[in-house]
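Student: I would like to work through this structure with you, one question at a time. Could we begin with the pairing of strands?

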Amino acid sequence: MSSRKAPRPGFVLDVDSSTPPILFHHGEGFKLERLPVGRSRVIYPAEPIRGIEDPDQAIRDALENTIEMEPLRAHLFKGMKLTIAFDDISLPLPPMRRPDVRQRIIEAVLDLAAEAGVDDVHIIAALALHRRMTEDELRHAVGDRVYDAFAPSGKLYNHDAEDPDGMVMLGTTEHGEEVQLNKRAVESDLTVYVNINLVSMDGGHKSTATGLSGYKGLRHHHNVDTMRKSTSFMDPENSELHTKNWRQGDVIRNAGIKIFQIETTINNNTFGESGPLSMLQKREWEWTPRDRMQFVAMNRSLSYMPTGAKRKIFHSWQAPYELTSVQAGEIEAVHKITTENTYAQHLVPVEGQTDILTMGLPYVSPYNVNSVMNPILTMVLGMGYFFNLYRGKPLVRKGGVVIMSHPTPWEFHPVHHPSYIDFFEQVLAETTDAEEIEKKYEKKYAEDEWYRHLYRTSYAYHGVHPFYMWYWGTHGMEHCGQVIIVGGDPKAVRRLGFRPASTLQDALEMATDTVGPQPTITHFHNPPMLMADVT
Amino acid sequence: MIAEQLAGKRIAVTGSTGFLGTALIERLVRSVPDCELILLVRPGRRGAQARVTRDVLKNDAFDLIRNEMGKDAFNEMCERRVRAVAGDVGTDGLGLSGDDLDLFLTADVIIHSAATVSFDSPLDTAVEVNLLGPQRIANLCNDHGVTPHLVAVSTCYVAGSRRGAAPEQLVDESPFFVNVNWSAEVDAARRSRLDAEDASRTPERLSHFRSMAQKELGAAGTPALAAKTESLRQSWVNDTMVEGGIARASSLGFPDAYAFTKALGELALVERRGDVPVSIVRPSIIESAWSEPRPGWIRGFRMAEPVIISYARGLLSEFPGVPEGVVDVIPVDMVVASIVAVAARGPLDSGPDVTQIASGSANPLRYKNLVDYAEEWFTANPIYDELGQPIAVAAWRFPGRGRVEGQLKRARTALERTDNVLEKLPLRGRMAEYATQLEERKELLDQAFGYVELYGKYAECEAIYGLTNLLALWDSLDEADQAAFGFDPRVIDWKHFVQNVHLPSVVRQARAKTTPGKKTGPTRPQRLRKQILSEERQMAAFDLENTIIASNVVTSFAWLGTRNLSPRDRMIFAAKAISQGPGWLALDRKDRSDFLRSFYRNYRGAPVDQIERDAAELLSDYLLAKSFPAAIRRIREHRALGHRTVLITGALDFVVEPLAPLFDDIISASIGERNGRYTGGMVGVPPTAENRYQAIADYADLHGIDLRESVAYADSASDLPMLEAVGFPVAVNPETKLASIARKRGWLVEDFQKQAGAPRRPLPLAPRTGARSEPMTTRLMSAYSTPARPKTRR
């Protein structure tokens with residue numbers, strides 16, 4: 001790695017006549033689009049910063065040299081109850097190559113635990129109301145060794161927020177927010193939380209207060225009002241979501257629950273610096289003839305493939321992410337460092353807002369790993385995640401237009417997203433108004449017995465999850481005057497309350513209805529991940 | 001004055017529930033205020049009086065007088081003047097007894113208008129009603145020594161198919177009459193019914209009916225097949241009798257059994273009239289009213305209407321006929337008036353008299369003109385198709401009957417061939433519905449064929465019916481009577497009648513779409529869905545395979561079977577399963593429960609605890625991936641409405657156990673277990689075919705559920721017993737047989753699909769499970785290693 005050149009920071013390119021067509025993600029495919037000269041700019045992410053050369057050593061060091069807390073070994077003793085909770089399948093995106101950071105950390109923690117003679121260890125996927133992880137997914141995250149040692153005896157398992165005997169109400173915050181937590185974590189002498197921070201939203205108290213909680217706790221911050229006040233939820237300083245999570249974290253701490261937080265950051269090396277997809281994270285004018293050929297060949301073959309096959313190919317991609325930092329100790333202190341490290345990779349300074357924000361949406365979002373990116377997830381990826389990847393003010397001005405490129409097929413994974421199907425067919429058919437949806441339908445879906453059954457025994461997101469997705473997009477949707485999806489299934493796009501366009505040019509033309517002629521355009525270049533620091 | 005002549009008289013009427021009868025009663029009630037009416041009706045389930053109220057007095061013919069008098073006064077008057085007696089002209093003594101008989105015998109006039117007017121009624125039915133009916137009335141009167149004036153309504157067509165003049169003379173006075181003995185014809189008709197019944201019971205025929213039933217229903221179970229076989233046999237007997245009637249009628253020069261039996265009926269009446277004075281009134285083809293009770297009034301769908309509507313819908317582009325030929329049509333109100341006039345005039349001393357009421361000789365409507373008027377009118381006022389486009393009518397070319405029949409026959413043969421091929425293909429859902437559309441076309445063709453066969457002769461008939469007696473009667477009336485009881489066919493302006501009176505009425509009657517644009521309001525499926533999802537329903541029963549989930553017992557077994565196999569063993573398993581597949585499939589088609597019995601033996605020796613553990617995974621990995629989300633949503637909607645939801649399936653209990661939260665109850669098959677392993681033998685009879693009916697009936701009984709208020713969802717004709725048992729059957733993605741049954745019976749058809757985007761699994765193999773890692777290598781972590789779960793094989 002040392003032979004690599006120093007990574008270049010992200011920057012903003014003003015589009016002129018010499019700018020080549022810009023790469024847009026478009027679901028399980030790509031598009032090269034020309035942006036209007038003279039009034040468009042493209043925000044490019046920084047190149048992947050260098051990874052740590054010996055991650056295992058770095059992890060061991062972090063467990064010894066802890067932050068505002070005793071080293072891990074000081075908390076371990078014979079006869080204790082130890083719980084290791086880890087981030088679920090939604091992190092990182094796409095999944096990383098083996099060995100996963102979580103496996104490295106869990107093995108290191110287990111080594112120390114074994115040394116101290118700890119034998120009551122539970123390992124829990126802290127998935128809140130996400131779907132349970134399958135055997136293969138768990139094996140990928142924690143490694144076969146850990147899996148085979150713990151899973152058969154029932155000591156490695158998925159968090160179950162609907163287990164009537166498995167959840168505890170810890171009390172309420174001074175603002176009346178209830179705090180609910182996994183019973184095993186509550187009863188443990190120590191809970192070690194193993195985190196991967198992909199974006200600045202992750203980690204901190206959110207790991208436990210959300211990851212190990214359930215509907216009763218989550219509903220206090222996963223709601224329309226909180227999301228309206230989170231500007232953005234990617235910026236912990238200005239996020240009501242985080243404020244409330246932090247308040248719940250206080251309640252957890254005050255209840256005497258000891259949490260040892262291990263947080264990691266990874267770089268944004270999503271498609272590799274060499275290999276078949278490496279051109280995707282290069283700047284277009286730096287593509288080599290070989291890159292160009294590979295891109296054309298790939299796009300051509302993708303166009304002949306059925307969606308299912310394309311999906312399979314893309315979802316089998318594992319990113320060569322590298323660990324860039326690991327820090328352990330007290331949650332808040334640890335998370336401060338983590339956030340800085342995340343920003344170091346992601347933040348790109350941008351001056352001023354734009355009339356139209358364009359983005360190409362990829363095939364994967366946090367909630368469709370090994371699954372289908374359904375229309376609701378398309379919305380949330382664009383209007384929830386990408387829109388909110390800003391600090392300061394949104395990239396697009398108030399009343400501006402967001403144009404996203406994605407095929408948005410009317411497709412759902414029947415096992416993973418059963419309540420999404422019904423939400424799309426029944427709720428959105430009636431209204432797209434988040435407040436009304438929350439008032440009229442949330443409780444019904446959240447307490448539905450069939451969804452609860454599927455969440456607990458199958459691999460389904462909780463019945464209420466599509467609502468959270470819709471709330472996630474509230475801030476973005478209320479901020480924008482119009483949302484257009486290019487190349488989407490018109491029926492599905494309209495159901496979302498957006499407008500379909502067949503080409504980017506059409507979409508830009510349609511946008512002038514809202515923002516007037518000759519609008520300024522900013523393209524949010526992805527991959528890999530970036531966060532705009534808008535001044 | 002007619003009204004005065006009939007004042008204070010009691011008039012008995014048969015056939016009052018028919019088209020002519022209703023008009024007749026209305027006219028008598030309205031225009032002869034001082035007469036009393038005795039209506040002889042078959043009592044049906046409700047009783048004679050209720051039938052008269054419901055089927056006669058509530059008819060819109062009475063709107064005029066009802067509005068004039070006010071509802072209460074009208075009802076009061078009817079109560080006073082109109083009385084019903086229960087009887088049947090098809091039985092000797094008219095089935096009258098007691099007070100009804102006494103009342104009937106007090107009549108001063110009896111107007112007999114009851115008849116089997118359908119041109120394709122079975123010979124013996126036509127004989128009983130049309131031939132024997134009139135003379136039965138005469139016999140009854142003679143037996144009791146009363147002599148009311150009997151006015152018998154017959155038909156002009158008793159003259160037979162002939163060209164030229166057909167004057168008002170008794171049947172046997174005609175030079176063309178072929179002398180037949182009517183009572184011999186009665187015996188022959190009754191005997192041929194017995195013969196047909198016998199013939200339908202030969203082993204060859206019975207096995208033919210059975211195989212037809214099987215072809216239609218598939219593996220629906222013995223009782224359902226038996227019921228279908230019997231109904232096929234009965235309709236065969238019926239068809240044979242219809243054919244027999246047509247054959248006998250044409251052998252004697254009549255267009256059909258109707259005209260034939262009517263002719264012999266006149267003969268029999270005249271012969272057996274005894275002391276009863278008889279008048280015969282012969283209308284030609286009766287159509288909608290010229291002016292009373294209102295222009296265009298019509299009841300029911302009569303002879304010409306289906307033809308006209310088929311023409312307007314573009315289904316019938318050719319109809320045989322002679323362009324210059326006369327279509328002898330007469331408005332119903334003129335027929336009524338002439339009957340009343342004959343009744344008022346009273347019998348003639350010279351013996352039975354004949355009055356013909358027709359238009360052909362005095363004011364002919366040419367076939368060509370009729371067609372021109374219709375074409376012109378439908379071009380100006382088209383009927384619209386479902387998409388809201390006007391349907392253009394075809395230009396009529398007046399081909400011969402042979403040519404039209406030939407064309408239709410060829411079209412039908414081609415469709416039949418396609419149909420036979422389609423039937424053999426394993427179609428489902430939308431494709432199966434296309435097949436039923438083809439079937440619909442075939443039926444329409446059959447219908448067109450039927451019209452041509454039946455009515456073609458009438459369009460080609462060139463007899464001219466004399467009206468001497470009618471016109472003499474007309475001239476004898478004073479002006480007031482002529483104004484009140486108009487029956488002079490010469491006043492009819494045919495163009496006006498066809499375009500302004502008859503066609504608008506027919507189109508209204510047919511409820512054809514007469515405005516452009518798409519239909520507004522709920523569609524039929526939407527209406528049915530609303531009924532099904534009404535709070536009044538009590539239970540919703542669901543089949544599993546292809547109704548909720550696109551999977552079957554074989555694939556579930558394969559999944560469970562491969563769950564714990566090594567990769568090599570999985571391949572062997574798959575190969576074995578594929579080689580056995582066709583055999584299983586064949587057995588399944590023949591008898592579902594035999595198949596299940598034999599197939600479930602595969603589970604012999606499987607460990608119970610492991611299978612139960614794996615079943616939950618089976619749901620997620622396989623069943624839900626193949627589920628129809630719309631079906632699951634529907635189940636939940638039923639539950640939310642408080643209906644009892646029941647899954648009824650031949651699948652095994654442990655396979656469907658994970659679906660339990662969807663249902664109040666699950667009725668499934670189960671296999672025995674011994675020492676923690678399955679025996680492979682079934683416990684009890686699996687709920688398939690007729691057993692499914694039994695299971696659901698027992699269940700309903702146990703929970704006090706009314707099956708008529710329940711809904712059932714299923715995909716195949718083998719579920720027919722269950723679907724038929726409930727009040728609201730729903731065919732889900734039906735295969736061809738069920739699709740066709742559902743269409744015929746107007747059942748709701750749902751097209752539930754697998755979720756777009758669902759993972760595709762060509763082979764139902766389970767993902768791998770079990771230990772994969774090498775033994776612990778790290779020094780300390782091995783402390784946590786536990787022995788891997790022992791691999792179980794069966």
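Student: How many bridges join strand β17 of chain B to β18(B)?
Tutor: In this predicted model, local features need pLDDT of at least 70 and side-chain atom pairs count only at pLDDT 80 or more, while totals for chains, interfaces and linings use all residues. Residues are numbered from 1 along each chain as its sequence is written, and chains are lettered from A and ligands numbered from 1 in the order in which they are written. Strands are DSSP runs (E, at least two residues; helices are H or I, at least four), numbered from the N terminus, and two strands pair if DSSP finds at least two bridges between them. Strand β17 (residues 728-732) of chain B runs parallel to β18(B), with B:Val732 having B:Glu750 as its bridge partner, and the number of bridges joining the two strands is three.

Student: Which strands stand at the edges of the open sheet in chain B?
Tutor: Seven strands of chain B form this open sheet with mixed pairing, in the order β15-β14-β13-β12-β16-β17-β18. Each edge strand has a single partner strand, so one side of it is left without a neighbour in the sheet, and these strands are β15 (677-683) and β18 (748-750) of chain B.

Student: Which residue stands opposite B:Ile357 in β10(B)?
Tutor: Strand β7 (residues 278-283) of chain B runs parallel to β10(B), and five bridges join the two. The residue that stands opposite B:Ile357 is B:Pro283.

Student: Does B:Ser359 count as buried or exposed?
Tutor: B:Ser359 is found in the loop between β10 (353-357) and α14 (367-380) of chain B. Leaving aside neighbours within four places in sequence, its contacts (C-beta atoms, placed from the backbone, within 7 Å) include B:Asp328, B:Ile330 and B:Pro489. Because B:Ser359 has 24 C-beta neighbours inside 10 Å, it counts as buried.

Student: How far apart in space are B:Ser359 and B:Val326, C-alpha to C-alpha?
Tutor: The two residues are 33 residues apart in sequence. Their C-alpha to C-alpha separation in space is 9.1 Å.

Note on methods. Buried ≥ 20, exposed ≤ 12 C-beta atoms within 10 Å, placed from the backbone. Contact = placed C-beta atoms within 7 Å.
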